[in-house]
Amino acid sequence: MSETALLESPGKPRGLAGDAWHDLRRSKIFWLAAVLIVVILLMAAWPSLFTSADPRDCVLSRQHDGPTGGAIFGYDFQGCDVYAKTVYGARYSIIVGVFATLIAGVIGLAFGLAAGFFGGWLDAVLSRFIDVMLGIPLLLGAIVLAKRLSADPASNGVFAVTVTLGLLGWTTAARVMRSSVIAAKNQDYVAAARMLGAGNGRLLFRHILPNSLASYIVVLTILLGINIASEATLSFLGIGLKGDAISWGIAISEATGYIRVAAGPLIWPSVFLAVTVLAFIMLGDAVRDAFDPKLR
Amino acid sequence: MFRYIVRRLLQMVLTFFGATFIVYALMFAVQDDPIQALVGEKPITDSQRAALTERYHLGDNFFAQYWYYIKGLLTGDFGTSMTNRKVADMLADAWPVTLRLSVMAIVIAATIAILAGVVSAIRRGSIFDNATLVVTLIVLAMPIVVIAPIAQLVFGIKLGWFPVTAGRDASLWQLLLPAAVLASLVVATELRVTRASVAENLRADYVRTARAKGLTGARVIGVHVLRNSLIPVITLIGVDLGALMSGAIVTEKVFNIPGVGFNLFRGIRTEDGPLVVGFVSVLVIVFLVVNLIVDLLYAALDPRIRYE
């Protein structure tokens with residue numbers, strides 16, 4: 001740690017989070033990822049900030065027209081504004097990504113805490129269950145589950161995809177939580193708290209959980225990126241979002257049929273999707289580096 | 001070694017029943033009327049319904065039905081698709097091209113990952129190392145739905161270096177671009193693991209001893225370091241197979257390769273439930289078996305694993 005850093009905070013020593021934030025502020029990757037994510041979140045919340053065109057205003061007569069003043073990415077097969085459609089596509093990607101990650105986060109937290117803290121037969125059962133879940137590749141399980149959940153033709157599939165990815169994607173998170181809980185529970189301060197009469201609940205939520213959260217948050221950040229990519233893949237296959245939902249996966253799937261005529265409708269949703277996933281993976285990488293004391 | 005194999009086989013049995021049970025439960029969880037789904041929009045008489053219920057054991061309870069499903073899987077009867085073809089026959093038709101594609105992908109990924117991983121571990125902090133880090137980050141972030149159509153557009157159509165699609169009897173040349181696309185899914189992690197593991201082994205005592213004996217750099221790296229560094233990379237290949245299977249569905253669709261993934265894609269699109277479940281079940285079993293083999297191989301290569 002540099003001398004100036006010590007001078008900045010003469011009174012109170014920084015905690016782990018403070019140290020991490022101190023490192024993060026200097027990381028270019030972190031700022032790049034943060035800026036990208038803020039822009040994408042704005043796009044998801046208020047797409048009309050970025051475009052005044054209506055993504056559903058499609059006129060067949062301008063099919064595959066090139067870029068014009070209003071529509072900077074041109075028009076797709078249906079004659080929709082590619083730029084407007086791409087901007088509006090951010091919303092469901094973020095909704096599905098965030099909520100699927102939340103579901104997976106809660107399940108992973110419960111499994112990880114229970115298996116790590118109580119150990120014994122409970123750990124054995126839960127860990128075997130996680131092994132079994134890992135025996136099913138994510139997308140294959142998702143194909144079966146999403147197909148069943150989205151059987152209702154009236155739904156746009158957002159609920160089905162979110163639940164599917166949430167229910168299938170928590171295993172890595174649970175494993176990470178379990179191992180950090182096991183590491184934390186053998187620390188002296190936990191033994192001290194237990195001797196002072198702290199109950200299991202207090203030990204878990206006041207002492208062990210806060211000290212196990214860092215790596216968990218990193219895993220969830222990366223999982224968010226993976227979930228966004230999986231949503232696009234499921235939508236591409238035709239079991240993700242559907243109906244009137246605007247999604248990058250659907251846009252890419254539609255555009256693959258016409259790439260000889262027009263490349264724009266394929267390229268732009270692809271670029272936005274890849275940048276979004278990249279932003280979350282970079283954020284996860286940067287936060288991991290900041291929280292890892294070995295790298296200091 | 002024997003005890004390890006027995007333990008691993010017992011685990012495999014548990015995982016097999018668990019994983020197939022989950023797949024089966026998932027597919028029956030929200031099912032409303034499979035008979036109506038089977039006959040489609042047409043009306044159905046009571047006697048037809050009774051005959052179908054009898055034939056598919058639909059009157060039995062969930063666990064009995066699961067038992068019939070497992071029995072089918074173990075005896076090679078994976079069900080019949082809605083087009084009235086046996087799933088087993090469709091698989092037999094489809095797997096050779098998928099196997100060729102995935103073996104090519106694994107070879108491409110492993111070659112690039114090991115070569116680039118070793119070089120960047122030796123020259124840590126160099127331009128090459130930093131460039132590889134950036135490239136792997138970008139490749140990691142590219143979902144298969146982005147990389148497959150874009151590669152087809154750029155290398156197939158715009159530049160014209162590769163054939164745009166591969167058909168039924170695709171040559172190795174036609175499969176090269178799709179295999180490279182598939183390889184991109186796994187190359188980044190493999191490269192990073194190779195780099196980390198070579199970098200760690202370079203600091204080991206036995207490397208210093210080898211150098212002190214006067215061995216050439218090539219022999220130290222190529223024989224001493226590489227043999228120990230590749231062990232973790234081998235386990236990755238088993239895990240990566242899951243990513244390859246998922247990737248093959250999109251890749252085969254985009255490049256029009258009539259393999260397992262392409263059939264699965266068509267099954268999803270035509271709402272062919274039995275086909276999808278049959279294919280997914282077989283892929284899950286392949287995944288489990290390959291991981292078992294990889295784990296046994298791992299134990300054979302690294303004696304420490306057997307005595308944990």
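Predicted model: local features only at pLDDT ≥ 70, side-chain atom pairs only at ≥ 80, totals over all residues.
**A loop, a helix pair and a chain interface**

Asn256(B) lies in the loop that links H10 and H11 of chain B. Although Asn256(B) is not a glycine, its phi is positive, at about 60°.

Apart from neighbours within four places in sequence, the contacts of Phe255(B) are Gln152(B), Thr165(B), Ala166(B) and Pro178(B). Thr209(B), by contrast, is 46 residues from Phe255(B) along the chain, and the C-alpha atoms of the two are separated by 51 Å.

The view can now widen to the meeting of the two chains. On the chain B side, 41 residues are in contact with 38 residues of chain A. Two or more residues each come from helix H1 (2-29), helix H6 (127-141), helix H7 (144-158), H10, H11 and helix H12 (273-301) of chain B. Of these elements, H1(B) gives the most, with nine residues. By residue class, the side of chain B that touches chain A comprises 34 nonpolar residues, six polar ones and one charged one.

An unreviewed UniProt entry places the feature "domain: ABC transmembrane type-1" at residues 95-298 of chain B. In the model, that stretch is 84% helix and 0% strand, and its end C-alpha atoms are 26 Å apart.

Chain A, for its part, has 12 helices and zero strands. Of its 296 residues, 47% count as buried. Among contacts in chain A between residues at least 6 apart in sequence, 69% join residues at least 24 apart.

Within chain A, helix H10 (residues 200-237) packs against helix H12 (residues 264-291) at an angle of about 170°, with the axes 9 Å apart. Since angles over 145 degrees count as such, H10(A) and H12(A) are therefore roughly antiparallel to each other. H10(A) contributes residues including Ala214(A), Ile217(A), Val218(A), Gly225(A) and Ala232(A) to the contact, while those from H12(A) include Leu273(A), Val277(A), Phe280(A), Gly284(A), Arg288(A) and Phe291(A). The residues of this contact divide into 15 nonpolar, five polar and one charged.

For chain A, an unreviewed UniProt entry places the feature "transmembrane region" at residues 29-46, 92-118, 125-146, 158-177, 213-239 and 266-287. Residues 29-46 of chain A are 94% helix and 0% strand, with the end C-alpha atoms 26 Å apart. Residues 266-287 of chain A are 100% helix and 0% strand, and here the end C-alpha atoms are 32 Å apart.

How values were computed:
Residues numbered from 1 in each chain as written. Chains lettered and ligands numbered in written order. Helix = DSSP H or I, 4+ residues; strand = E, 2+ residues; numbered from the N terminus. Buried ≥ 20, exposed ≤ 12 C-beta atoms within 10 Å, placed from the backbone. Contact = placed C-beta atoms within 7 Å. Nonpolar A, V, L, I, M, F, W, Y, C, P; charged D, E, K, R; others polar. Axes fitted to C-alpha atoms, helices over the stretch in contact; angles between N-to-C directions. Parallel < 35°, antiparallel > 145°, perpendicular 65-115°, else oblique. UniProt positions renumbered as here; feature names shortened; annotations may be inferred.
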